[in-house]
Amino acid sequence: MNGVRMGDMFRQRFNAATLAAAARAQSAVPLRRAGRLTELLLVGVAACLADQPERPTCVLLGSHIGARAVSNRVVTDLIIAREAPFPYDFLATQPILAAVPLQQRFPCVANLLYQPWSDDTELHWQRMQTLARAWLLAGRCERALCGQVETTGENEHDGRWQVVEKG
């Protein structure tokens, strides 16, 4: 693959309490109002970078559920609880804002790109891998982390990850 090595994919599964604890343990700053997608991103990147040397890294991230579905859940939860939503409740649902705690914890991460996930999972992974390969070959980074993060239920949270590196 022209000097690019695709690592094995791995999956992480958490319940809400375990995910929150794992994310707090990985964060360099307090995680106030962090959304589940941010927590999944932190623990996924931590697993990918564990015991790895510091190298310029980019993160390509996707999700079926996406920001809109998470925002809808926030609104529904607040209506049920009869509470008024705060702007920070909605900001916490935006996956791109996960770049802030991610970069504070992992300074080697220079870029984060969030892509809504299409219905065709195989096609989406191929697009992420192709983009990772292009960025590596262009010299934009030396390592790319491709991930899919999902909140699949009230208490089920999954991440799938793959490391793509210069060979």
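Helix axes here are lines fitted to C-alpha atoms over the stretch in contact, and angles run from 0 to 180 degrees between N-to-C directions. Keep that in mind for the second stop.

This is a predicted model, where local features need pLDDT of at least 70, side-chain atom pairs count only at pLDDT 80 or more, and totals for chains, interfaces and linings use all residues. Residues are numbered from 1 along each chain as its sequence is written, and side-chain values use heavy atoms, with hydrogens and water left out.

**Stop 1: the whole chain**

Show the cartoon. The chain has six helices and six strands. These are DSSP runs (helices H or I, at least four residues; strands E, at least two), numbered from the N terminus. Along the sequence they read β-β-α-α-β-α-α-α-β-α-β-β. Of the 167 residues, 46% are buried. Buried means under 20% relative accessible area, with a 1.4 Å probe and protein chains only. Contact means heavy atoms within 4.5 Å. Among contacts between residues at least 6 apart in sequence, 70% join residues at least 24 apart.

**Stop 2: H1 against H2**

Select H1 (16-26) and H2 (36-49). Their axes come within 9 Å and cross at roughly 60 degrees. H1 and H2 are therefore oblique to each other. Oblique covers what is left once angles under 35 degrees (roughly parallel), over 145 (roughly antiparallel) and 65 to 115 (roughly perpendicular) are set aside. Now show side chains. H1 brings Ala16, Leu19, Ala20, Ala22, Ala23 and Gln26 to the contact, and H2 brings Arg36, Glu39, Leu40, Leu42, Val43 and Ala46. Nine of the contact residues are nonpolar, one is polar and two are charged. Nonpolar here means Ala, Val, Leu, Ile, Met, Phe, Trp, Tyr, Cys and Pro; charged means Asp, Glu, Lys and Arg; the others, Gly among them, are polar.

**Stop 3: the cores**

Select Leu41, Val45, Val59, Leu102, Phe106, Leu145 and Trp161. They have the most contacts inside the largest nonpolar core, which has 26 residues. Such a core is a set of buried Ala, Val, Leu, Ile, Met, Phe, Trp, Tyr and Cys residues joined through side-chain atoms within 4.5 Å. H1, H2, S3 (57-63), S4 (109-116), S5 (143-153) and S6 (156-166) each supply at least two residues of this core. H2 gives the most, with nine. Apart from this core lies another, of 13 residues, including Cys58, Met128, Ala132 and Cys141.

**Stop 4: Gln115**

Zoom to Gln115 in strand S4. Is Gln115 buried or exposed? Gln115 counts as buried because its relative accessibility is 17%. Leaving aside neighbours within four places in sequence, Gln115 is in contact with Leu60, Leu61, Gly62, Ser63, His124, Met128 and Leu131.

Note on methods. Buried means under 20% relative accessible area, exposed over 50%, partly exposed in between (1.4 Å probe, protein chains only).
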